[in-house]
Amino acid sequence: MIDMTTVLIFAGGSSTRMGHDKSTMFGGVERILQECHNTNITRTITLCGPVIRKKMFQGEVWADPEDCDSLVEIISWAIDRIDGDILLLPCDAFNLTEEGVNALLEQGNCLPLDEFGNRQPLFARITKRAQINLDSESLNEMFENFPSFCDSRVASEFNNFNSQSDLKNHRLQSHR
């Protein structure tokens with residue numbers, strides 16, 4: 001069965017805390033696109049940030065609109081232009097595999113919990129847009145009405161990587 005979910009991959013950040021462009025690390029956006037392709041998702045869109053970054057990515061790539069000043073505004077702008085269900089994925093989903101994508105696709109609206117019990121809004125599964133708080137000022141507020149999704153088999157796939165010190169978690173996952 002072909003999934004009618006559009007995946008939005010966030011690859012426009014400056015990665016200043018990491019010190020290296022996260023969209024190119026550990027296979028980068030290309031690896032995430034492949035994991036999505038393995039699940040039969042038919043549409044993926046990479047949100048690349050400034051228009052100058054468009055050439056860095058293959059497939060359908062959207063530059064962030066100049067009038068959007070925050071990630072909340074970019075997400076609102078993007079989901080307004082997409083029909084059907086949506087799955088958000090950050091470019092630093094270094095542990096994400098086909099199994100984690102499929103686990104999210106089996107859910108309705110949800111925010112997965114990482115292996116530390118943190119809600120991860122950049123992995124949101126959106127099936128009912130009415131539950132999105134469009135007047136929010138933060139990602140957590142935007143998805144505050146979404147239930148948490150906890151599955152210990154794939155929780156580490158939703159870990160967040162913001163700095164070099166966070167990479168120890170990726171290395172642990174890579175060697176299991």
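## Helix H1 and Asn40

H1 is followed by Asn40, whose phi is positive, near 75 degrees. Helices (H or I, at least four residues) and strands (E, at least two) are DSSP runs, numbered from the N terminus. The model is predicted: local features need pLDDT of at least 70, side-chain atom pairs count only at pLDDT 80 or more, and totals for chains, interfaces and linings use all residues. Residues are numbered from 1 along each chain as its sequence is written, and side-chain values use heavy atoms, with hydrogens and water left out.

Asn40 is not a glycine, yet its phi is positive. Most residues other than glycine have a negative phi. Asn40 sits in the loop between helix H1 (28-38) and E2. Its relative accessibility is 43%, so Asn40 counts as partly exposed. The cut-offs are under 20% relative accessible area for buried, over 50% for exposed, and partly exposed in between (1.4 Å probe, protein chains only). In H1 itself, the buried residues include Gly28, Val29, Arg31 and Ile32. Leu33, Glu35 and Cys36 of H1 are buried too.

## Overall architecture

The protein has five helices and seven strands. From the N terminus, the order of elements is β-α-β-β-α-β-α-β-β-α-β-α. Of the 176 residues, 52% are buried.

Take the contacts between residues at least 6 apart in sequence: 68% of them join residues at least 24 apart. Contact means heavy atoms within 4.5 Å. The accessible surface comes to about 8,900 Å². Carbon and sulfur atoms hold 48% of that surface. Areas come from the Shrake-Rupley method with a 1.4 Å probe; for residues, only the protein chains shown count as cover.

## Strands E2 and E3

Strand E2 spans residues 41-47. Five of its seven residues are buried, so E2 is largely enclosed by the rest of the structure. E2 and E3 run parallel and are joined by three bridges. Two strands pair if DSSP finds at least two bridges between them. Leu47 stands opposite Trp62 in E3.

At 23% relative accessibility, Asp64 is partly exposed. Beyond residues up to four places away in sequence, Asp64 touches Leu47, Cys48, Gly49 and Ile74. Asp64 and Cys48 are 16 residues apart along the chain, with 6.8 Å between their C-alpha atoms.

## Aromatic pairs

The structure holds three aromatic pairs. Rings of Phe, Tyr and Trp (its six-membered ring) pair if their centres lie within 6.5 Å; planes under 30 degrees apart count as stacked, over 60 as edge-to-face and the rest as tilted. One of the pairs is Trp62 with Trp77, edge-to-face at 5.5 Å centre to centre and 75 degrees between the planes. Trp62 lies in strand E3 (residues 60-62) and Trp77 in helix H2 (residues 71-79), so the pair ties together parts 15 residues apart in sequence. Trp62 and Trp77 are both buried.

Phe123 and Phe158 also pair edge-to-face, at 5.3 Å centre to centre and 70 degrees between the planes. This pair links distant parts of the chain, 35 residues apart. Phe123 is in the loop between strand E5 (111-112) and strand E6 (125-126). Phe158 is in the loop between strand E7 (148-149) and helix H5 (167-174). Both Phe123 and Phe158 are buried.

## A buried polar residue

Asn159 is found in the loop between E7 and H5. Asn159 is buried, with a relative accessible area of 1%. Its side chain makes a polar contact with the side chain of Glu115, at 2.5 Å. A polar contact is a pair of N or O atoms within 3.5 Å; within protein, one must be able to donate a hydrogen and the other to accept it, and residues adjacent in sequence count only if both atoms are side-chain atoms.

## Strand E4 and Asp85

Asp85 belongs to strand E4 (residues 85-90). Its relative accessibility is 25%, so Asp85 counts as partly exposed. Leaving aside neighbours within four places in sequence, Asp85 contacts Met4, Thr5, Thr6, Arg125, Ile126 and Thr127. Asp85 and Ile126 are 41 residues apart in sequence, yet 5.7 Å apart C-alpha to C-alpha.

## Cysteines

The structure holds zero disulfides. A disulfide is a pair of cysteine sulfur atoms within 2.5 Å. Cys48 is buried at 0% relative accessibility. Cys91 is buried at 8%.
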